[in-house]
Each structure stands twice: as C-alpha cells, then as structure tokens.
Amino acid sequence: MVIVHFQAEPMKKKKRIDPSVIAAREAKKIRRIEKEIKRLTKFGRILKPIEEVEIDNRKYRLALERKRPLPKLTAEEKDYRDLLIKEWGAYKSYQWHWEAKIMDQLTEAQQEALDELKQESLELYQAALQIDYSCVPIEFQGPKETPPKKDYPAPDGEYVDTTRKY
C-alpha cells in the first residue's frame with residue numbers, strides 16, 4: 001500500500017526581473033571588487049592599529065635593563081612552595097564549604113521559624129516578611145535629581161555604535 005502526501009504547495013512563479021537591472025547589479029558587484037583589489041594593491045593589507053600596545057622605546061629599553069633574573073630555587077624550596085599551595089587550596093575549600101553549610105543552616109532555621117509563625121498568626125507572618133529598614137541604616141544625602149546639562153541632546157532610547165571600523 002502506497003501512501004501519498006499532498007501537503008506541498010505549488011512552486012511560486014519566479015518574478016521576472018528586467019535584464020538591465022540584473023546587469024547593473026552585476027556591474028556594481030564587479031566595480032566594488034575591483035575597487036577593493038586596487039586599494040589592496042596600492043596600500044597592501046592595512047592592519048588594525050592597536051593603540052594600547054604601543055610602547056615608548058625608551059621605557060622598553062629601561063625595562064629590559066632593569067629586569068632581574070629570578071633566583072634559582074632549591075628542590076627543598078620548590079617542595080615547600082608546592083605544599084604551601086596545596087595547603088592553602090585545601091584551607092580555602094574547607095572555608096567555602098563551611099560558610100555554605102552555615103548559610104544553609106541559617107536559611108533553613110529562618111524558614112522553619114517563618115512556617116511556625118504562619119501557623120500561629122498570619123498577620124505576624126506578613127509583618128515578618130516586610131523589610132525592617134531600621135536594621136539597615138542607610139541615609140542618602142544630597143539632591144535626588146540633577147539639573148539637565150546645557151546643549152546636551154538626551155538620548156531617546158537610541159544606541160549609536162561608536163566603535164571604529166577598520
């Protein structure tokens with residue numbers, strides 16, 4: 001038994017485009033490529049400038065002169081440092097796990113207390129959920145708004161990309 005599916009749509013009729021428009025597009029592509037080839041042959045490959053890496057030669061020479069070689073470490077000193085790094089890693093791991101455990105215990109105790117309070121009184125439970133700003137004393141001084149700058153066009157939700165293109 002052969003099952004035939006007729007869910008496909010008929011092919012859309014191809015729009016006829018004027019041959020002069022096609023020729024103009026091709027000519028534009030060719031001109032763009034030729035222009036790029038001319039630019040590359042004239043200037044060579046233009047490298048993207050890296051301003052952060054440019055170093056003053058005098059400072060570079062001074063840095064080379066002032067560089068001190070690292071002292072040779074004895075096998076004993078290397079072993080000591082390796083052991084110290086391992087001990088420090090173990091200590092920090094223990095500290096992190098201990099703090100995480102304490103936080104879990106505190107969160108669990110807080111949730112238990114809130115659950116018991118909810119059983120006792122819903123009003124007290126709702127009051128307990130509110131933030132008590134007297135426990136966190138924060139005061140902001142000074143103006144809450146600033147005057148607008150003169151001759152500054154405020155952005156109206158638009159983003160203008162100012163990244164330089166090379």
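**Reading helices, salt bridges and a surface patch**

Q: How many residues does helix α1 have, and what distance does α1 reach from its first C-alpha to its last?
A: In this predicted model, helix α1 runs over residues 19-43, which gives 25 residues, and from the first C-alpha to the last it reaches 36 Å, close to the 36 Å expected at 1.5 Å a residue. Just after α1 comes Gly 44, whose phi is positive, at about 75°.

Q: In which helix is the confidence lowest, and in which is it highest?
A: For the chain as a whole, the average pLDDT is 84, and 90% of the residues score at least 70. Within the chain, helix α2 (residues 57-66) has the lowest confidence, with a mean of 84, whereas α3 has the highest, at 95.

Q: How many salt bridges does a search of the whole structure find?
A: The general idea is that side chains of opposite charge can pair when their charged atoms come close. Here, the search of the whole structure finds two salt bridges. One of them joins Glu 36 to Arg 39, with 2.6 Å between the closest N and O atoms, and another joins Glu 77 to Arg 81, where the closest N and O atoms are 3.2 Å apart.

Q: Why are Glu 36 and Arg 39 separated by about one helical turn?
A: Glu 36 and Arg 39 are separated by about one helical turn because they stand three residues apart in helix α1. In the other pair, Glu 77 and Arg 81 are four residues apart in helix α3, so they too are separated by about one helical turn.

Q: Which residues form a nonpolar patch on the surface?
A: The nonpolar patch on the surface is formed by Tyr 94, Trp 98, Ile 102, Met 103 and Leu 106, which together have about 560 Å² of accessible area. One of these residues, Trp 98, lies in helix α3, which covers residues 75-120. Trp 98 counts as partly exposed because its relative accessibility is 48%.

Methods:
Residues are numbered from 1 along each chain as its sequence is written. This is a predicted model: local features need pLDDT of at least 70, side-chain atom pairs count only at pLDDT 80 or more; totals for chains, interfaces and linings use all residues. Side-chain values use heavy atoms; hydrogens and water are left out. Patches are made of residues with over 30% relative accessible area and no salt bridge: like charges are joined within 9 Å, nonpolar side chains (Val, Leu, Ile, Met, Phe, Trp, Tyr) within 5 Å. Accessible areas come from the Shrake-Rupley method with a 1.4 Å probe; for residues, only the protein chains shown count as cover. A salt bridge is a side-chain nitrogen of Lys or Arg within 4 Å of a carboxyl oxygen of Asp or Glu. Helices (H or I, at least four residues) and strands (E, at least two) are DSSP runs, numbered from the N terminus. Buried means under 20% relative accessible area, exposed over 50%, partly exposed in between (1.4 Å probe, protein chains only). The expected span of a helix is 1.5 Å times one less than its number of residues. pLDDT is the predictor's confidence in each residue, from 0 to 100.
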